[in-house]
Amino acid sequence: MAEWETLAADKRARLEKTIPAEWKIPSVPESDSSYLDIPATSGVLSETELQITGSSATELVAKLASGELKSVDVTLAFCKRAAIAHQLVNCALEFFPEKALAQARELDAYFEKHKKPIGPLHGLPISLKDQFRIRGLETSMGYISWLNKYETEESESVMITLLRKAGAVFYVKTSVPQTLMASETFNNIIGRTVNPRNKNWSCGGSSGGEGAIVGIRGGIIGVGTDIGGSIRVPSAFNFLYGIRPSHGRMPYAKIANSMEGQETVHSVTGPLAHSAADIRLFLTSVLSQEPWKYDSKVIPLEWRPHEENIIKTKLASGGLTLGFYNCDGVVLPHPPILRGMETVVSTLKANGHHIVEWTPYKHQYASDLTYAIYTSDGGADVYRDISASGEPIIRNIKDLLDPDVKAINMGELWDTHLKKWQYQSEYLDKWREMEEKLGKELDAIIAPITPTAAIRHDRFRYFGYATVVNLLDFTSVVVPVTFADKKVDVKDEKYVPMNDTDKLVQAEYDADAYHGAPIAVQIIGRRLSEERTLAIAEEVGRLLGNAITP
């Protein structure tokens, strides 16, 4: 056995020991059917614990703040359900229920003494992508060479510091793909994380462990990061809401990352949850801790209720004006996604909203520019951390990163910055031109987030629907819509692909294989429009009947 395999086996053994025997389930079903009902039938959770884990975060914090619930009971319930989730879908890289329960007892003692909560998230368990550094724990981030290195109080992520202040409890850090640069979740440490609805489908990536654990309700609010769709793709594939805030709205300091120092397209952090209300709860709770006093890149911008009220006023007085596009001109989405888009557009029209076609502007150019930015160091950073242990490169990264790509020099980097800025400005020009044509404000744009429903493993080929938003630094919120239906979502055999990538994506579609897979869209707003865009997404979800999923 190679040294890297020994290190991985040791990590898996240590992870296995964190799950108490009484939380173990007899076996994982071999069938392709959904795992969603197994936590309720496992015998591990009591009826009260099932009720707790089936609640919304907004409901739970209200009961915790009033003293109706104790943090130790809520934390225990989610620790148990997370343990079941990991056994089913292989989603955890760190699991620490004892630390979590100790933290919960401290919060309960505070409440008992002071008769008030410590903060807006008092006693609420929050699951975390493995990028977040927590003192005393490892942050492997999918690299075997990062194992057995433990965080200190000084290295702890600012987001963790602020969530502690808000009263959140930490109990699990979830799996990511090697390097993070993939929209699926596989690493050489624990292997593949699968979708709770069907083990043959991807849970998305790179915040795939978060998508899976929240999808099966082993988590209530999960925190991920997004540089190319890494919050939005797992949200879409697990029938969840998720937000990609603009850079500078949420703290990112001391979060582990690949390509640290790459400042052209920023990675951002944000939540995945079952409702827009729970997304709002997370954002407002973090902003209430004044993150701009801890992270110099955070813009001093509190949550702005008046921005939400602008949308509410429009909803009450004539409706929204929304653009949409079904295809970005590079890759045509599969039939389920096209039907999802049509469902959203027709529902909005039927409810009095003004819907106009948006012409995507130079999305091929934007996708190519974004890829060039990701590989501007020639892949040196990620290849260094992979080769440090001798572990093999996973298939997703082999498919994505050209080993022959050359690093660019400083002059070329400056030119890239100018190209990005020019593209962002040109896109704003197009937005203004549309508003001048309409004679009123364009509130947001509705678009696919991926060209596929929850995809089969190792088949994700096109990131463009997500990455264009990252390049623009727009706000984007994922809204779950419906599920693929093999009887309705029939393949168009006469379709002629636009290019080789489109041909690959179209060849992947199989109506039987994708039957039942989650379908989602993204609501795209201008930069730093989190309040308005989330309010629009919440209304879309309400009209679809997906405001909160069971």
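Which residues line the second largest cavity? They are Tyr325, His363, Tyr427, Trp431, Ile445, Val468, Val469, Leu472, Phe474 and Ile524. α17 gives the most, with three residues. Helices are DSSP runs of H or I of at least four residues and strands are runs of E of at least two, numbered from the N terminus.

This is a predicted model, in which local features need pLDDT of at least 70 and side-chain atom pairs count only at pLDDT 80 or more, while totals for chains, interfaces and linings use all residues. Residues are numbered from 1 along each chain as its sequence is written, and side-chain values use heavy atoms, with hydrogens and water left out.

Rolling a probe the size of a water molecule over the atoms shows where empty space is left. Here the search runs on a 1 Å grid over the protein atoms alone: a cavity is a set of points where a 1.4 Å probe fits but cannot get out, and a pocket is an open set with protein on both sides within 12 Å along at least five of seven lines. Lining residues have an atom within 4 Å of a point. Grid points are joined across faces, edges and corners, and a volume is the space filled by probe spheres set on the points.

Five cavities of 30 Å³ or more are found in the whole structure. The table gives volumes and the make-up of the linings. Ala, Val, Leu, Ile, Met, Phe, Trp, Tyr, Cys and Pro count as nonpolar, Asp, Glu, Lys and Arg as charged, and the others, Gly among them, as polar.

| Space | Volume | Lining residues by class |
|---|---|---|
| Largest cavity | about 80 Å³ | five nonpolar, seven polar, one charged |
| Second largest cavity | about 60 Å³ | nine nonpolar, one polar, no charged |
| Largest pocket | about 610 Å³ | twelve nonpolar, ten polar, five charged |

The largest pocket, with a volume of about 610 Å³, is lined by 27 residues, and Tyr371, Leu400, Arg461, Tyr462 and Phe463 are the closest to its centre. At least two lining residues each come from α13 (363–374), α15 (395–400), α17 and α18 (500–508). α13 supplies the largest share, six residues. The largest pocket lies between domain 1 (3–20 + 47–293) and domain 2 (306–544), because both give residues to its lining. These domain bounds come from an automatic or database domain assignment.

## The largest cavity and the listed site

The largest cavity has 13 lining residues, and Leu180, Met181, Ile227, Asn257 and Ser267 lie nearest its centre.

An unreviewed UniProt entry lists Leu180, Ser206, Ile227, Gly228, Gly229 and Ser230 under "binding site". They are spread over 51 residues of sequence but cluster in space, with a largest C-alpha distance of 11.0 Å. Of these residues, Leu180, Ser206, Ile227 and Ser230 are included in the lining of the largest cavity. UniProt positions are given in the numbering used here, feature names are shortened, and annotations may be inferred rather than shown by experiment.

Ile227 lies in the loop between β8 (221–226) and α9 (232–237), and Gly229 is placed in the loop between β8 and α9. Ile227 is buried (under 20% relative accessible area, with exposed over 50% and partly exposed in between; 1.4 Å probe, protein chains only), at 12%. Gly229 is buried, with a relative accessible area of 0%.

Contact means heavy atoms within 4.5 Å. Not counting residues up to four places away in sequence, Ile227 touches Met181, Gln262, Val265, His266, Ser267, Tyr374 and Asn470. With that exclusion, Gly229 touches Gly205, Pro234, Ala466 and Asn470.
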